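Here are my notes on the charged side chains, as numbered points. Please read them with the model open.

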Amino acid sequence: MTNLTRRTALTGGLLALGGTTLWTATRPARAQEQPLRPTIDEVMFDPANPVLGNPEGDVTIVEFFDYQCPYCKANHPVLNEVVEADGNVRLVMKDWPIFGAPSVRAAQLALGAASLDAYLTANDALMATEGRLDDTLIEETLAEAGLDVAALDAAYGENRDKWDGLITRNGAQAAAFQLRGTPAFIIGTVIYPGAMDKAGLENAVAMARG
């Protein structure tokens with residue numbers, strides 16, 4: 001989709017996986033016609049969702065991820081490289097904590113960091129960890145990145161409804177698209193399940209631009 005903005009997202013485009021249409025840009029006129037799925041606007045332009053890269057970019061990459069997912073972590077530097085080199089990509093990070101309590105804790109503190117305009121720092125630091133997480137490793141990692149864990153906790157608590165709602169919506173969207181795990185990307189209006197190398201990401205962005 002060329003120049004994907006809030007307006008065009010609501011008026012055009014389909015999401016496809018393997019040639020199968022999964023997503024319409026707007027809801028059906030009658031709910032009974034087909035199961036309701038989130039709209040492009042709800043997925044790509046949720047006002048609560050942290051956005052990295054270029055917020056005004058002409059292509060949006062959405063990543064559903066978990067801080068304990070080894071494939072997400074391995075893919076993260078490549079994703080950052082592509083986004084930075086392109087300069088015109090919005091990167092929407094969908095915290096989808098599916099690997100248990102440590103994943104939830106990591107997501108909560110990272111979103112607390114978003115309240116303090118420090119989501120990028122928290123996200124990069126947690127993505128750079130190795131192996132399984134526990135509360136101690138999560139907190140030490142964030143502290144080593146220069147973040148005050150108590151302040152992150154407080155910021156999350158002060159905005160709990162906002163962030164809990166976002167995590168719930170992310171999970172509901174993943175379920176609606178029948179995502180089976182992390183990472184999963186939406187680039188333009190196409191779902192790409194699994195990790196993507198540099199060439200794959202670049203090609204997907206080019207395709208999204210038409």
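1. A term needed further down comes first: a charge patch is made of residues with over 30% relative accessible area and no salt bridge, with like charges joined within 9 Å. Asp and Glu count as negative. The model is predicted.

2. By that definition, Asp134, Asp135, Glu140 and Glu144 gather in a patch of negative charge on the surface. Asp134 sits in the loop between helix H5 (119–127) and H6. Its relative accessible area is 42%, so Asp134 is classed as partly exposed.

3. Opposite charges need a separate look. Side chains of opposite charge can pair when their charged atoms come close. How many salt bridges does a search of the whole structure find? The search finds 6. The points below take up some of the residues concerned.

4. Arg209 and Asp58 form a salt bridge through their side chains, with an N to O distance of 2.9 Å. The two residues belong to distant parts of the chain, 151 residues apart: Arg209 is in helix H9 (residues 198–209), while Asp58 is in the loop between strand E3 (51–53) and strand E4 (59–65).

5. Are the two partners buried or exposed, or in between? Arg209 has 27% relative accessibility and therefore counts as partly exposed. Asp58 has 19%, and so counts as buried; the cut-off for buried is under 20%.

6. Arg105 deserves a point of its own. A salt bridge joins Arg105 to Glu139, with the closest N and O atoms 2.9 Å apart. This pair links distant parts of the chain, Glu139 being in helix H6 (residues 135–144) and Arg105 in helix H4 (residues 101–115), 34 residues apart.

7. Arg105 also forms a salt bridge with Asp153, where the closest N and O atoms are 2.7 Å apart. Because Arg105 lies in helix H4 and Asp153 in helix H7 (residues 149–158), this pair ties together parts that are 48 residues apart in sequence.

8. On accessibility, Arg105 is buried, at a relative accessible area of 15%. Glu139 is partly exposed, at 30%, and Asp153 is partly exposed, at 33% relative accessibility. A buried arginine thus has salt bridges to Glu139 and to Asp153.

Conventions
Residues are numbered from 1 along each chain as its sequence is written. This is a predicted model: local features need pLDDT of at least 70, side-chain atom pairs count only at pLDDT 80 or more; totals for chains, interfaces and linings use all residues. Side-chain values use heavy atoms; hydrogens and water are left out. A salt bridge is a side-chain nitrogen of Lys or Arg within 4 Å of a carboxyl oxygen of Asp or Glu. Helices (H or I, at least four residues) and strands (E, at least two) are DSSP runs, numbered from the N terminus. Buried means under 20% relative accessible area, exposed over 50%, partly exposed in between (1.4 Å probe, protein chains only). Patches are made of residues with over 30% relative accessible area and no salt bridge: like charges are joined within 9 Å, nonpolar side chains (Val, Leu, Ile, Met, Phe, Trp, Tyr) within 5 Å. Accessible areas come from the Shrake-Rupley method with a 1.4 Å probe; for residues, only the protein chains shown count as cover. The place of a charge is taken as NZ of Lys, CZ of Arg, CG of Asp or CD of Glu.
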